[in-house]
Amino acid sequence: MDLLQDLLSARCSDPFGCLGLLPDSSGKGLNLTIWQPGAISVTVLNLVDDKILGEMERIDEAGLFRFSWPRRSKRFHYRIKIIFENHELIRVDPYQFIEATFTDLEHHTANLYKNQGANKVSVKINSKLTIDGTRFVVYAPAARSISVVGDFNAWDGRSHPMSSNGDGLWRLFIPDVGANQAYKYEIRARTGDLLPHRTDPYARYIEQYPSFASLTWFDKPYQWQDDEWIKQVNVDHYERPMSIYEVHLGSWRRNENKPLTYLELKDQLVPYVKEMGYTHVELLPITEYPFDGSWGYQPVGLYAVTSRFGTPEEFKALIDAFHMAGIGVIMDWVPAHFPADSHGLGNFDGTSQYEYPDPKKGWHPEWNSHIYDFGKEHVVNYLISNAVYWLEEFHIDGLRVDAVASMLYLDYSREDGEWIPNVDGGNHNYEAIAFLRKLNETVYLNHPRCFTVAEESTAFSGVSKPTYMNGLGFGFKWNMGWMNDSLDYISKDPVHRKHHHGEITFSMVYSFDEQFVLPLSHDEVVHGKGSLITKMPGDSWQKFANLRAYTSFMFTHPGKKLNFMGNEIAQGQEWSHERSIDWHLLEVEQHKGQQTLTRDLNHLYQNEPALQLDHSGHGFEWICHDDDTNSIISFLRKDKTNTEILLVVTNFTPVPHKIYRLGVPVEGEFDVIFNSDAGIYTGSDYPISSKYEVNNEASHSKAFSINMQIPLLRLLF
């Protein structure tokens with residue numbers, strides 16, 4: 001009777017103990033108990049032939065019905081016909097399917113997503129009859145009770161209480177709940193408090209505002225066409241060129257000020273990226289998020305691709321198209337923190353199941369968001385399973401892990417007294433470090449074609465070193481030092497650059513300490529920082545000349561390349577997620593010239609082996625790094641065998657040089673294969689030779705040298 005009282009008060013944790021077909025307490029016969037709030041009458045029907053088995057007796061006005069078979073001992077399957085005041089319906093009672101509800105689940109593996117959340121289940125009754133439905137599974141060990149609420153039960157938390165066997169998982173198989181049904185979890189905390197309805201942490205699809213409801217979205221059999229891409233073997237990402245186009249899908253291009261859909265992006269974005277010569281596209285977070293202005297960096301629904309632009313299958317079609325075009329897809333992934341929206345993970349079951357309970361460790365003051373508790377096994381498994389989900393189910397090629405520095409340091413964005421030291425009294429978060437190592441080990445062991453990239457802004461040692469070398473195990477790390485120093489340098493008036501020459505050369509001191517990506521990301525063109533072109537000094541012509549030289553310098557500097565959308569056309573405005581890139585600027589010759597230069601540099605990077613040894617000192621050699629008076633730097637880029645050599649010369653002042661001597665290590669001649677001052681890029685076409693003969697005069701500690709012309713504010717090699 002206590003269970004029934006719990007049921008009546010919506011506090012039941014074991015509905016199978018009092019509902020459905022159960023032996024009578026006397027040991028003779030069977031009793032059927034049905035819970036249908038609001039019902040006037042309930043009739044029991046045989047599931048196989050719909051024969052009426054009996055009219056149930058109401059034993060409680062709240063909606064509790066019972067029928068007894070004193071002489072039956074063998075269980076059977078049944079339906080119930082329910083009469084309400086204004087309608088009737090026939091349902092298959094879920095509480096007769098204890099086996100389907102409590103199917104063994106492995107919930108401590110990287111494949112969590114395959115059995116948690118809402119999954120389609122079929123129960124075979126006999127050779128001719130199968131009952132289809134949905135099994136709901138959610139982890140909430142501190143909950144007093146949980147119900148599934150949704151379209152199928154009028155969002156009534158009394159209708160479908162879930163059951164737990166003490167392992168922290170709550171389960172219920174509900175027959176006849178098919179695809180595309182909205183649902184959430186109604187959770188009562190241990191204190192008895194009823195919490196706001198929660199979105200399923202493993203939901204595959206989530207509605208937009210105002211409902212933010214999860215949908216029973218079962219993966220439909222998408223026919224992938226990218227076998228040739230996926231089955232590549234011995235992919236060496238480190239020695240292959242990697243030029244990444246960073247994209248915010250909602251604002252790359254808009255149609256009548258509405259974002260393009262995944263299918264429209266497939267038709268427009270993919271050919272553009274291919275034509276521009278990028279090897280990869282990196283998508284700002286596409287896991288579901290409630291607030292447009294977060295750009296996806298405050299996710300609620302890590303397993304759901306955002307429904308803003310279409311369905312999961314349509315997103316797969318977009319990835320498929322990229323792969324068939326020979327373009328890899330990197331996903332911006334956010335495992336560091338999550339927002340405090342009431343339908344999300346915060347205080348999920350009345351306790352801090354996903355976040356650290358102490359705000360000195362579990363609350364991010366800068367971003368007003370919760371921090372995952374990396375010391376909990378189920379949190380680590382939740383996140384790693386999510387990474388595996390995107391790699392396996394969506395064929396994602398790489399994960400760019402956001403805000404790694406905030407995970408590594410307990411005092412990140414905190415003042416003294418606002419953080420909790422680790423067991424050794426230091427500021428490293430050992431639990432987060434262990435999580436990141438496990439993440440990378442899982443990815444590289446099981447998905448060798450894939451890679452990870454860390455957005456990490458500090459000097460933490462070994463970010464992109466293997467875990468067996470005591471590193472974090474990432475494949476690559478963003479080079480924030482290069483980005484900050486080089487942007488600071490290029491934004492200065494050329495007359496002052498000689499006093500800051502070290503800012504443009506210092507990166508080579510540490511360029512091979514990690515496997516770096518050179519990022520000119522969205523973060524550099526928002527929040528009042530201005531676009532790249534507005535950072536450049538001088539008049540309009542000088543701004544574009546500076547930007548061309550800077551872009552060219554980036555492509556010849558060791559390291560993979562990343563450029564945010566709009567940089568390639570010298571976008572004038574700061575980026576805004578609410579509007580498209582200013583594509584109309586391509587009608588202006590200088591903007592078109594910047595786009596052409598970026599395209600040509602992409603193709604040059606892919607076609608010149610001497611530019612591709614990005615992570616080894618064998619591929620780089622200074623010629624002259626100390627000509628601060630002229631703000632000229634020169635260096636060699638070399639392939640693995642030193643058979644191909646490129647001489648790179650950059651002039652960061654508006655002063656051309658008719659004769660400039662540079663030492664070189666070999667005899668012969670150097671052909672000019674790229675010149676950012678060329679007229680095709682709207683440069684000045686300052687007269688230079690197409691090739692330069694090497695002479696025997698030593699210079700710059702080299703046995704040979706060349707005398708060359710150097711245009712103003714230009715790079716050539």
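A: A word on naming comes first: helices, here runs of at least four residues, and strands, runs of at least two, are taken from DSSP and numbered from the N terminus. The model is a predicted one, and with that naming it has 14 helices and 36 strands.

The largest pocket holds about 730 Å³ of space. It is lined by 27 residues, and those closest to its centre are Glu-366, Trp-367, Asp-402, Glu-455 and Asp-523. Two helices, α8 (404-408) and α10 (480-490), each give at least two residues to this lining, and α10 supplies the largest share, which amounts to three residues. Sorted by class, the lining is made up of nine nonpolar, ten polar and eight charged residues.

Side chains of opposite charge can pair when their charged atoms come close. In this model, a network of salt bridges links Glu-282, Asp-332, Arg-400, Asp-402 and Glu-455, and two of its members, Asp-402 and Glu-455, are also among the residues closest to the centre of the largest pocket.

Although Glu-246 is buried, it has no salt bridge: the nearest side chain of opposite charge is that of Arg-400, at 5.4 Å.

For comparison, the second largest pocket holds about 390 Å³. Its lining counts 20 residues, with Trp-229, Arg-240, Thr-279, His-280 and Gly-326 closest to its centre. By class, this second lining divides into seven nonpolar, nine polar and four charged residues.

Salt bridges also occur elsewhere, and a search of the whole structure finds 28 of them. One joins Asp-167 to Arg-171, with a nitrogen-to-oxygen distance of 2.7 Å; Arg-171 counts as buried at 3% relative accessibility, whereas Asp-167, at 25%, is partly exposed. Another pairs Lys-361 with Glu-431 at 3.3 Å, N to O. Because Lys-361 lies in helix α6 (residues 359-362) and Glu-431 in helix α9 (residues 430-446), this pair ties together parts that are 70 residues apart in sequence. Both partners are partly exposed, Lys-361 with a relative accessible area of 21% and Glu-431 at 30% relative accessibility.

A further salt bridge is formed by Glu-697 and Arg-661, whose closest N and O atoms are 2.8 Å apart. Here Glu-697 is in the loop between β34 (691-693) and β35 (704-710) while Arg-661 is in strand β32 (residues 657-664), so the pair connects parts 36 residues apart in sequence. Glu-697 is partly exposed at 42% relative accessibility, and Arg-661 is also partly exposed, with 25%.

To place all this in the protein as a whole, the C-alpha atoms fill a box of roughly 110 × 55 × 45 Å along the principal axes. Thr-311 and His-657 give a sense of that extent, being 57 Å apart from C-alpha to C-alpha and 346 residues apart in sequence. Thr-311 lies in the loop between β19 (280-283) and α5 (312-324) and, leaving aside its neighbours within four places in sequence, is in contact with Tyr-205, Trp-217, Tyr-262 and Val-305. The relative accessibility of Thr-311 is 18%, and since buried means under 20%, Thr-311 counts as buried. Buried residues make up 60% of the 717 residues in the protein. Finally, of the contacts between residues at least 6 apart in sequence, 70% join residues at least 24 apart.

Definitions and conventions:
Residues are numbered from 1 along each chain as its sequence is written. This is a predicted model: local features need pLDDT of at least 70, side-chain atom pairs count only at pLDDT 80 or more; totals for chains, interfaces and linings use all residues. Side-chain values use heavy atoms; hydrogens and water are left out. Buried means under 20% relative accessible area, exposed over 50%, partly exposed in between (1.4 Å probe, protein chains only). Lys and Arg count as positive and Asp and Glu as negative; His and the chain ends are not counted. A salt bridge is a side-chain nitrogen of Lys or Arg within 4 Å of a carboxyl oxygen of Asp or Glu. On a 1 Å grid over the protein atoms alone, a cavity is a set of points where a 1.4 Å probe fits but cannot get out, and a pocket is an open set with protein on both sides within 12 Å along at least five of seven lines; lining residues have an atom within 4 Å of a point. Grid points are joined across faces, edges and corners, and a volume is the space filled by probe spheres set on the points. Ala, Val, Leu, Ile, Met, Phe, Trp, Tyr, Cys and Pro count as nonpolar, Asp, Glu, Lys and Arg as charged, and the others, Gly among them, as polar. Contact means heavy atoms within 4.5 Å.
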